[in-house]
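Subject: Structure handover

Dear colleague,

Please find below the structure I promised to pass on to you.

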Amino acid sequence: MPSLVASPPREQQQLTMDTNNKKRRGNLKSRLQCRSSQVENTEGLCFEEMSQWSHSLERLLSSKYGIKIFHAFLKSEFSDENIEFWLVCEDFKKIKSSFRMSSRAKKIFKRYIQAEAPREINIDHKTRELIRRNMKTTTTECFDDARRIVYGLMERDSYPRFLRSDIYLALLDSTSESAKM
C-alpha cells in the first residue's frame, strides 16, 4: 500500500543529515569538554601539544592531558583496562619499599593479570605464568613483559583509532580555531 505522506526531496534529506551530523559533532565536543572538565581543567591544552600526539604513542602518553583524553577514548571503547594497567605499572616501578612492592604486586596481579580478573588485560598464558613465578621474588621488572604487550596493543590498535576518532579530531579542531583567534 502506498504511503500517504510524501517523502521530502533528496536535497532536503541530505541537508537534514548534514545538520544532524553537525549537531552530533557539537554534542561530542560538549560531552568531551564536560568530561575533561570533570577530570581536570584543560585550558592549558594547545594545538601544538595536541598535534605532537600524532607523532607517537610515547608523545601522547608523556602529556598529562594526552593520557586523560586517551583514557577517555579507551573508556568509550571499553578497553581502558590497558591504559590503567600501563599507568599502574609506571607507578609500581617507582616503589622503593620491598613490602609495599610485594603488596602492590599482589593487588595488580589480582586486578589485571590472573585469569578472570575484574580488569583482565589481554596477555598470553605464557606471560601470565611468568609473572606468577616472578611474584615469588617481587622486583620492579616483574610486570615488564605484560606492560610491553599492552603497550604494543595500544600502539598498534587503539592509538591509530584514537587519531581517527571524533574525540581527537574535535579537540584538535577546537584548539586550532582558538589558536587562530
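I begin with Glu120, which counts as partly exposed because its relative accessibility is 31% (buried means under 20% relative accessible area, exposed over 50%, and partly exposed in between, with a 1.4 Å probe and protein chains only). Glu120 lies in the loop between α6 and α7, where helices (H or I, at least four residues) and strands (E, at least two) are DSSP runs numbered from the N terminus. Leaving aside residues up to four places away in sequence, Glu120 touches Glu81, Arg111, Tyr112, Gln114, Ala115 and Arg128, a contact being heavy atoms within 4.5 Å. Glu120 and Lys110 are 10 residues apart in sequence, and their C-alpha atoms are 8.7 Å apart in space.

Before going further, please keep in mind that this is a predicted model, in which local features need pLDDT of at least 70 and side-chain atom pairs count only at pLDDT 80 or more, while totals for chains, interfaces and linings use all residues. Residues are numbered from 1 along each chain as its sequence is written, and side-chain values use heavy atoms, with hydrogens and water left out.

The pLDDT is the predictor's confidence in each residue, from 0 to 100; its mean over the protein chain is 81, and 73% of the residues reach 70 or more. Over residues 1–26 the pLDDT stays under 50, and the model has two contacts beyond four places in sequence for them.

Asp80 is buried, because its relative accessible area is 7%, and it touches His71, Leu74, Lys75 and Arg119, not counting residues up to four places away in sequence.

Two packed helices are described by the angle between their axes and the distance between the axes. The axes of α4 and α5 come within 8 Å and cross at roughly 145 degrees (axes are lines fitted to C-alpha atoms, for helices over the stretch in contact, and angles run from 0 to 180 degrees between N-to-C directions). In this pair, Ile67, Phe70, His71 and Leu74 of α4 meet Ile83, Glu84 and Leu87 of α5.

Helix α7 (residues 125–134) and helix α8 (residues 144–164) have axes that come within 9 Å and cross at roughly 145 degrees. Their contact is made by Thr127, Leu130 and Ile131 of α7 together with Asp145, Ala146 and Ile149 of α8.

The largest nonpolar core has 39 residues, and those with the most contacts inside it are Trp53, Phe70, Phe85, Ile113, Phe143 and Met154; such a core is a set of buried Ala, Val, Leu, Ile, Met, Phe, Trp, Tyr and Cys residues joined through side-chain atoms within 4.5 Å. The elements α3 (57–61), α4, α5, α6 (98–113), α8 and α9 (166–180) each supply at least two residues of this core. Phe70 also has contacts beyond four places in sequence, among them Leu57, Ile83, Met154 and Phe162.

Lastly, a disulfide is a pair of cysteine sulfur atoms within 2.5 Å, and by this rule the count is zero. Cys89 is in no disulfide, the nearest cysteine sulfur, that of Cys142, being 7.9 Å away. Cys89 counts as buried because its relative accessibility is 2%, whereas Cys46, at 30%, counts as partly exposed.

With best wishes
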